[in-house]
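These are my notebook entries on a few places I looked up, one topic to an entry.

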Amino acid sequence: MMAARFAKLKDEWLLRGWTDIPWSLVNWRTGAFYRLRQDGFYVAQSCDGQTDFTSPVFLPRHRAWLQQFLTEGIAEECRQGEEPAPAQEYRQADHELIRGIQWAVTGRCNLNCRHCYMDAPSGQPGEIPFLEMKRLLDKFEQANITEVSLTGGEPFMRKDLLDLIRQLTARRIRLTDIYTNATLISDVMLQELQKLEVRPVFRISFDGCGRHDLMRGTAGVEAVVLDAIQRIRTAGFAVAVTTCLDKTNLDCLMPTYEQMKALDLYAWGIGRPQPVGCGRTMTTCLSLQEMVKPCEELLENWLADGRPFMIGLEAFYSGAKGGEGDGKQAVPVSRDFSAADYTCSSCRQWPYLAPDGKLMPCISYGDTPWSDRLPSLLETDFAAAWNDPALRFLLDMKKGDVLAHNSECSACPLLKQCGTGCRTSALIGSGDLLAKDTIACELWQGGYKKYFTGKAAAGEQAKGNQASMRGDKQQ
């Protein structure tokens with residue numbers, strides 16, 4: 001007689017479902033996500049420490065699923081009665097998939113950045129009490145939210161931020177990112193995050209060597225930020241830096257690049273601030289054309305240096321770190337396009353929650369008239385907020401709706417590349433959600449994207465040829 005065989009899901013795996021994806025396995029530690037067919041779900045649900053897999057109800061195809069789960073480290077064999085934690089049990093939300101939330105946990109900030117998108121520290125409500133934050137977390141659980149990124153304002157202004165992160169961990173919600181100005185990060189905080197075994201990417205604002213204090217409106221913070229980045233890296237956390245460029249700090253771009261190389265970053269991105277919040281009144285903004293030369297110089301140096309980090313150059317180009325892919329972005333000549341596609345897919349899986357509890361498709365709606373029309377999670381449950389008519393209007397907007405409003409776009413040879421652009425960019429630029437995104441038009445019709453991807457590919461080819469010639473000479 002065959003010995004009984006039991007298995008259970010490993011601690012980091014959760015069984016979850018939504019109306020559009022009824023069965024899935026989610027790793028709350030790493031973010032890995034597996035859609036399951038019915039047989040796979042049946043086997044995963046049977047990995048409960050109680051079900052005998054030698055039972056005749058399990059057919060060879062079911063045992064094949066079990067073996068796959070064991071091989072991939074999703075499940076492990078166990079003794080009878082070793083059950084997974086209750087939080088791992090199957091739970092279905094009564095709405096479509098939402099992977100995570102970008103959560104502005106406070107509107108307060110200790111700096112006075114000239115380009116702040118929310119006009120902090122005075123432009124947004126301060127923050128809600130910790131008890132209300134816990135109630136929001138209850139709603140996240142109800143909605144099967146498994147990932148959260150924290151932003152602000154400045155999230156470290158919250159004295160209870162570590163308690164909030166502990167709550168996320170206790171509820172098996174992965175902390176993916178912390179957006180911060182890095183002026184308030186203590187070694188004690190870093191040590192506590194290590195103890196909790198959370199591995200967020202610290203996404204830090206740094207606006208240029210010798211210009212950071214000016215851009216951030218506060219004296220003495222440049223040295224503090226650079227020191228914080230070094231301490232964060234020493235503690236083993238990944239760091240991605242964002243640099244906002246205008247005419248004030250453009251001349252320090254190359255020294256800043258050299259500084260970023262020395263900091264062992266995961267990623268560095270540069271771009272122009274949006275004309276929202278404080279950015280509405282800026283008089284030192286750069287045009288796309290004014291961004292070309294500095295971005296060209298950066299691209300050439302980045303390639304020559306072996307791609308020391310992931311890079312983003314305005315909206316012109318993005319490339320991988322050396323050793324992580326080939327570093328080239330394919331020349332954008334074709335892309336699947338359907339008028340039935342949503343204008344934005346990321347906001348449907350990663351919406352934004354404002355400091356006052358307003359649920360929005362993305363952060364860019366915060367400084368528009370739409371912010372007053374959108375639902376508050378403080379006043380209703382997640383499913384009701386997610387199905388609110390104003391929010392659904394924004395989330396369900398189709399590319400065909402934009403084409404119907406802009407007939408000339410249908411005849412544009414670059415439509416597949418542009419994809420009708422970004423709706424918040426159109427809204428901020430014109431006041432009309434369905435208008436053309438003039439920034440996207442300029443990027444594509446001006447040939448900027450194609451130019452930069454071609455330049456990157458040529459640079460990689462030249463490096464390859466040089467390496468080949470060196471190899472030939474050695475032989």
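For the bend entry I take the bend at a residue as the angle between two fitted axes, one for the seven residues ending there and one for the seven starting there. I also note at the outset that the model is predicted.

**Entry 1, helix α9.** With that angle in hand, I looked up α9 and found that the helix bends by about 25° at Pro 294. The helix covers residues 288-304, which makes 17 residues, and its reach from first C-alpha to last is 24 Å, close to the 24 Å expected at 1.5 Å a residue. After α9 comes Gly 306, for which I noted a positive phi, near 80°.

I next went to the loop between β12 (267-271) and α9, where Thr 284 has its place. Is Thr 284 buried or exposed? I noted a relative accessible area of 18%, so Thr 284 counts as buried, the cut-off being under 20%. Leaving out residues up to four places away in sequence, I found that Thr 284 touches Arg 114, Asp 246, Lys 247 and Thr 248. With Arg 114 there is also a polar contact, side chain to side chain, at 3.1 Å.

I traced an open sheet of four strands in the order β4-β3-β2-β6, with mixed pairing. Its edge strands are β4 and β6 (91-92), each of which pairs on one side only.

The hairpin between β3 and β4 has five residues, and Gly 31 in its turn has a positive phi of about 90°.

Which residues lie on each face of β3? In a regular strand, side chains alternate between the two faces of the sheet. In β3 (residues 24-27) I found Ser 24 and Val 26 on one side and Leu 25 and Asn 27 on the other, all of them buried, and both faces are covered.

Phe 41 belongs to helix α1 (residues 38-46) and Tyr 90 to the loop between β5 (75-78) and β6, so the pair ties together parts that are 49 residues apart in sequence. I read Phe 41 as buried, at 9% relative accessibility, whereas Tyr 90, at 26%, is partly exposed.

I then turned to Trp 65 and Phe 69, whose ring centres are 5.7 Å apart and whose planes meet at 50°, so this pair is tilted. Both residues sit in helix α2 (residues 60-71), four residues apart, and are therefore separated by about one helical turn. I found Trp 65 and Phe 69 both buried.

Last, I noted an aromatic cluster formed by Phe 316, Tyr 448, Tyr 451 and Phe 452.

Terms used:
Residues numbered from 1 in each chain as written. Predicted model: local features only at pLDDT ≥ 70, side-chain atom pairs only at ≥ 80, totals over all residues. Heavy atoms only, no water. Buried < 20%, exposed > 50% of the residue type's maximum accessible area, 1.4 Å probe, protein only. Helix = DSSP H or I, 4+ residues; strand = E, 2+ residues; numbered from the N terminus. Pairing = 2+ DSSP bridges. Expected span 1.5 Å × (residues − 1). Polar contact = N/O pair within 3.5 Å; in protein donor to acceptor, adjacent residues only side chain to side chain. Contact = heavy atoms within 4.5 Å. Phe/Tyr/Trp six-rings, centres within 6.5 Å; stacked < 30°, edge-to-face > 60°.
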